[in-house]
Amino acid sequence: MDKSAIFPGSFDPFTIGHESIVRRALPMFDKIIIMVGFNANKKSFFSLEKRVKWINQVFQNEKKIEVRVHEGLTVDFCKEVGARYILRGLRTSSDFEYERAIAQVNKKMHPEIETIFLLTLPEHTPVNATIIRDIVFHGGDASMFLPKGLDLDEFKPETKK
Ligand code: ADP
């Protein structure tokens, strides 16, 4: 059976920090499914279409990666696609506390699913989607925090085009 991992997140937007976690995890799995979380009650900054498109562009030459959209619990998605691993990145102690609770609750409810954590590279510790959205919103240049090869014009907020 394929060893598959789910990398769930809102990816609003997908950053060099996310990209690095996925690339470093690739040798450990046969397949990584990047699950873009969709919440009908929560408005994202970038549209779902753009977020999915950018991740597909970043990994267009990587056969082991698939990008999917899911509304609901990550563990339900794991069952749907037959994945036993959830991949998450850790930057800080507050990430750790937040992730610890989710992973332990998931483990209690679904003992067969393991959450695997990779520590961020030191240079990616401050890379945070919230800060990037703020830079973009105020017309700043966030390109150094975004994966290479994307069309930066697409990151401009609709109202500022
Ligand atoms: P969520 O909304 O579920 O927190 P995010 O899109 O913010 O989703 O992040 C998805 C995953 O990527 C989380 O495990 C998060 O800790 C991790 N992550 C976010 N930014 C970085 C970064 N700069 N370096 C490493 N991991 C990161």
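## Strand E4 and its pairing

In this predicted model, strand E4 is largely enclosed by the rest of the structure, because 5 of its 6 residues are buried. Buried means under 20% relative accessible area, exposed means over 50%, and partly exposed lies in between, with a 1.4 Å probe and protein chains only. Helices (H or I, at least four residues) and strands (E, at least two) are DSSP runs, numbered from the N terminus. Residues are numbered from 1 along each chain as its sequence is written, side-chain values use heavy atoms, and hydrogens and water are left out. Local features need pLDDT of at least 70 and side-chain atom pairs count only at pLDDT 80 or more, while totals for chains, interfaces and linings use all residues.

E4 covers residues 85–90 and pairs with strand E1 (residues 4–9) in the parallel sense over 2 bridges; two strands pair if DSSP finds at least two bridges between them. In that pairing, Ile 86 of E4 is the bridge partner of Ile 6. With E5, the parallel pairing of E4 runs over 6 bridges, and Leu 118 in E5 is the bridge partner of Gly 89.

## The sheet

E4 belongs to an open sheet of 5 strands, in the order E3-E2-E1-E4-E5, with parallel pairing. From one strand to the next, the twist averages 30 degrees.

In a regular strand the side chains alternate between the two faces of the sheet. Ile 6 is located in strand E1. With a relative accessible area of 0%, Ile 6 is buried. The C-alpha atoms of Ile 6 and Leu 87 are 5.9 Å apart, although the two are 81 residues apart in sequence.

## Helices against the sheet

Helix H1 (residues 16–25) lies across E1, strand E2 (31–37), E3, E4 and E5, and runs at about 115 degrees to E5. Helix H4 (residues 93–109) lies across E4 and E5, at about 170 degrees to E4. Axes are lines fitted to C-alpha atoms, for helices over the stretch in contact, and angles run from 0 to 180 degrees between N-to-C directions.

H1 is largely enclosed by the rest of the structure, since 8 of its 10 residues are buried. These are Ile 16, Gly 17, His 18, Glu 19, Ser 20, Ile 21, Val 22 and Ala 25. They pack against E1, E2, helix H2 (48–58), E3, E4 and E5.

At the start of H1, a side-chain oxygen of Thr 15 comes to within 3.1 Å of the backbone nitrogen of Gly 17. Arg 23, also in H1, is partly exposed, with a relative accessible area of 38%. Leaving aside neighbours within four places in sequence, Arg 23 is in contact with Val 58 and Phe 59, and its side chain reaches the backbone oxygen of Val 58 at 3.4 Å.

Asp 12 sits in the loop between E1 and H1. Its relative accessibility is 6%, so Asp 12 counts as buried. The side chain of Asp 12 reaches the backbone nitrogen of Phe 46 at 2.8 Å. Beyond its neighbours within four places in sequence, Asp 12 is in contact with residues including Ser 44, Arg 51, Ala 129 and Arg 133.

## The ligand

There are 16 residues around the ligand, and Ser 10, Gly 89, Thr 120, His 124 and Val 127 come nearest; a residue is near a molecule or strand if one of its heavy atoms lies within 4 Å of it. A ligand oxygen atom is 3.0 Å from a polar backbone atom of Phe 11. An oxygen atom of the ligand is also 3.3 Å from an N or O atom in the side chain of His 18, and a ligand nitrogen atom is 3.2 Å from a polar side-chain atom of Arg 91. The ligand taken alone exposes 550 Å², and the protein buries 85% of that. Accessible areas come from the Shrake-Rupley method with a 1.4 Å probe; for residues, only the protein chains shown count as cover.

Conventions
Contact means heavy atoms within 4.5 Å. A polar contact is a pair of N or O atoms within 3.5 Å; within protein, one must be able to donate a hydrogen and the other to accept it, and residues adjacent in sequence count only if both atoms are side-chain atoms.
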